[in-house]
Amino acid sequence: MEIITVKSLYFQYEKEPILKNVSFDVKKGEFICVAGINGSGKSTLLKLLLRLLKPTLGCADVLTNNVAYLAQRASAFNPDFPATVAEIVSLGIPIKMNIGLREQRKTVDNALKQMDMLDYRNQSIGRLSGGQQQRVLLAKALVKKPDLIILDEPTVGMDNGAATQICCLLGKLNKKENATLIMVTHDVPLILNHADRILQFEKGGIKLSSPKDFYQNIALHD
Amino acid sequence: MLFLELFSFEFMRRALLAALCISIITPMIGQVIVLKRMSTVGDALSHTGLAGVAIGLVLGFNPIIGAFAAAICAGLALELIRRRFSWYAELSVSITLSLGVGLAAVFSGMAPGAGFYNFLFGSIVAISNGELFSIAMLSIIVVGITIFLYRPLLHIAFDEESAVSAGIPVNTINLIFTILTAVAVAISARTVGALIISSLMVIPVACAMQISRGYKENLIYSIMFAFLFTMAGLILSFYFNLRPGGAIVLIGIAVLVLLIIVRPRR
Ligand SMILES: Nc1ncnc2c1ncn2[C@@H]1O[C@H](COP(=O)(O)OP(=O)(O)OP(=O)(O)O)[C@@H](O)[C@H]1O
Ligand SMILES: [Mg+2]
């Protein structure tokens, strides 16, 4: 069953088109890795899927409302932003999900534990390192048990160990809880074990390939 | 008791109650404004509010209504310009502020008597029972709505795009918040003065940010600071015959400077 259908999608910010005639489908439970050079339109595609932007032409339909999103950002925090880690993560719980305070606390703590950040729950978010902040934001995105997880370079700023750990966690969410994942990364080998398909942004357009093809391509270029 | 004699004056009782209302609503609004990095919004709205006061005095309608209407118009204009230049939000504030000052200057020149002057620094000890009642009612509404919108407002202040993607009606909430700010400005123009409202929105929040770690904690501290400043300011101005608005702000600044020097660990 498709969870995302993109058909003849065109998009431009100003005169220059960024996405030209893009079409692809994503099935429920797939793990898609999005790769490509800087400025090729990866983040733009995600924003179109999230309806943060409107297509110039064509359509980008997402058939669920339970979507988690982590935007691309190295870390642009005001170090004085007065909010604790737990307060930020709890923002990820939809208001419609009417749960009590104790339940909410438990959910938040579980999400923080997943990211190894439980010890920091009462710390001020601005006082954490960039990689730690990224983990908190990931916890905020995942706290509501989303059907579809859209991540824009989630491992930026993390050390190698942490990045591998996050990728394994995402792989597990994908396999065990059947979450659909779309993740932009410049470090494709890191998630090649977990991804079902690679969405590669190239000069001419967009190419979908299996992880196997991707490896062969790299081998050819080397 | 010398201190209790304060409460024996009816005008002082009214002033203290009005100050209580103000010390609760201004930090609630102020915290969101500061965290959205729009600290000068209060200035822009209050100066435009003054233009509304002047127009009201010239055309002969209630200047408080004038302040409220003008502040709402300015708030809406701010939102519109902000969406256009999202990276230069402070530009929208400067433009609106200039417009407000210009209009206030022109119309106050035509206003009769010294009425306009009262709204610069407010006259909290001269409010009537009816005015106190309206201030209390409006404050309850502002507090109620801000508590109801607590989480969405925090989410928007933290990261507006993420709030949009989470399905929060960000534009509507920003609009409601603008109206609440205009209400606070109108109340303050009458009581502590239009020139001072913006400081009252910002200084308690800045003080709280020196000692708090969380958002809720910060909000509670802000209200406590604002309460302390307004009460101390009012009482001092009673004994030393000062302008309450000015005394309140100066006490706030003194405490802020002290906190910055002492730098309590958080
Ligand atoms: N808000 C904007 N207004 C105008 N042009 C934009 C805007 N955002 C992005 N662009 C342009 O659209 C193109 C694609 O940007 P996008 O952010 O989608 O790239 P990306 O593939 O995510 O790059 P990166 O790997 O650096 O994150 C870029 O050439 C950029 O200049
Ligand atoms: Mg990008």
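## Asn62 of chain B

Helices, as the term is used here, are DSSP runs of H or I that are at least four residues long. In this predicted model, Asn62(B) is found in the loop that lies between two such helices of chain B, α3 (41-59) and α4 (63-84). A residue counts as exposed if 12 or fewer other C-beta atoms lie within 10 Å of its own, and Asn62(B) counts as exposed because it has 11 C-beta neighbours inside 10 Å. Along the sequence Asn62(B) is 33 residues apart from Ile29(B), and in space the two are 24 Å apart, C-alpha to C-alpha.

Strand β7 of chain A, residues 180-184, is largely enclosed by the rest of the structure, because five of its five residues are buried.

Two parallel pairings of β7(A) can be described. Strand β3 of chain A, residues 31-36, is joined to β7(A) by four bridges and runs parallel to it, with Phe31(A) standing opposite Leu181(A). Strand β6 of chain A, residues 148-152, is joined to β7(A) by five bridges, again in a parallel arrangement, and here Asp152(A) stands opposite Val184(A). From β6(A) the chain crosses to β7(A) through helix α5 of chain A, residues 160-176, in a β-α-β crossover that is right-handed.

## Domains of chain A

Chain A is divided into domain 1, which covers 1-66 + 147-222, and domain 2, which covers 75-145. The C-alpha centres of these two domains of chain A lie 25 Å apart, and 10 residues of domain 1 are in contact with eight residues of domain 2. On the domain 1 side of this contact, α5(A) gives the most, with three residues, and by class that side has seven nonpolar, two polar and one charged residues.

## The shell around ligand 1

The residues around ligand 1 include Tyr13(A), Glu14(A), Ile18(A), Asn38(A), Lys42(A), Thr44(A) and Gln72(A), and among them are also the glycines Gly36(A), Gly39(A) and Gly41(A). Helix α1 of chain A, residues 42-49, provides the largest share of this shell, three residues. Divided by class, the shell around ligand 1 has two nonpolar, eight polar and two charged residues.

## Between the chains, and helix α8 of chain B

Across the interface, 16 residues of chain A are in contact with 15 residues of chain B, and the chain A side has 10 nonpolar, four polar and two charged residues.

Helix α8 of chain B, residues 150-158, is mostly covered, since seven of its nine residues are buried; among them are Pro152(B), Leu153(B), His155(B) and Phe158(B). The buried residues of α8(B) pack against α2 (85-90) of chain A, and also against α2 (10-35), α9 (160-165), α10 (170-191) and α12 (215-240) of chain B.

Asn21(A), a residue of strand β2 of chain A, residues 17-27, has a positive phi near 50 degrees although it is not a glycine. Asn21(A) is partly exposed because 13 other C-beta atoms lie within 10 Å.

Asn241(B), likewise a residue other than glycine, has a positive phi of about 55 degrees, and is found in the loop between α12 and α13 (244-262) of chain B. With 7 C-beta neighbours inside 10 Å, Asn241(B) counts as exposed.

How values were computed:
Residues numbered from 1 in each chain as written. Chains lettered and ligands numbered in written order. Predicted model: local features only at pLDDT ≥ 70, side-chain atom pairs only at ≥ 80, totals over all residues. Contact = placed C-beta atoms within 7 Å. Nonpolar A, V, L, I, M, F, W, Y, C, P; charged D, E, K, R; others polar. Buried ≥ 20, exposed ≤ 12 C-beta atoms within 10 Å, placed from the backbone. Pairing = 2+ DSSP bridges. Right-handed = clockwise from strand over helix to strand, strands pointing away. Domains from an automatic or database assignment. Near = placed C-beta within 6 Å.
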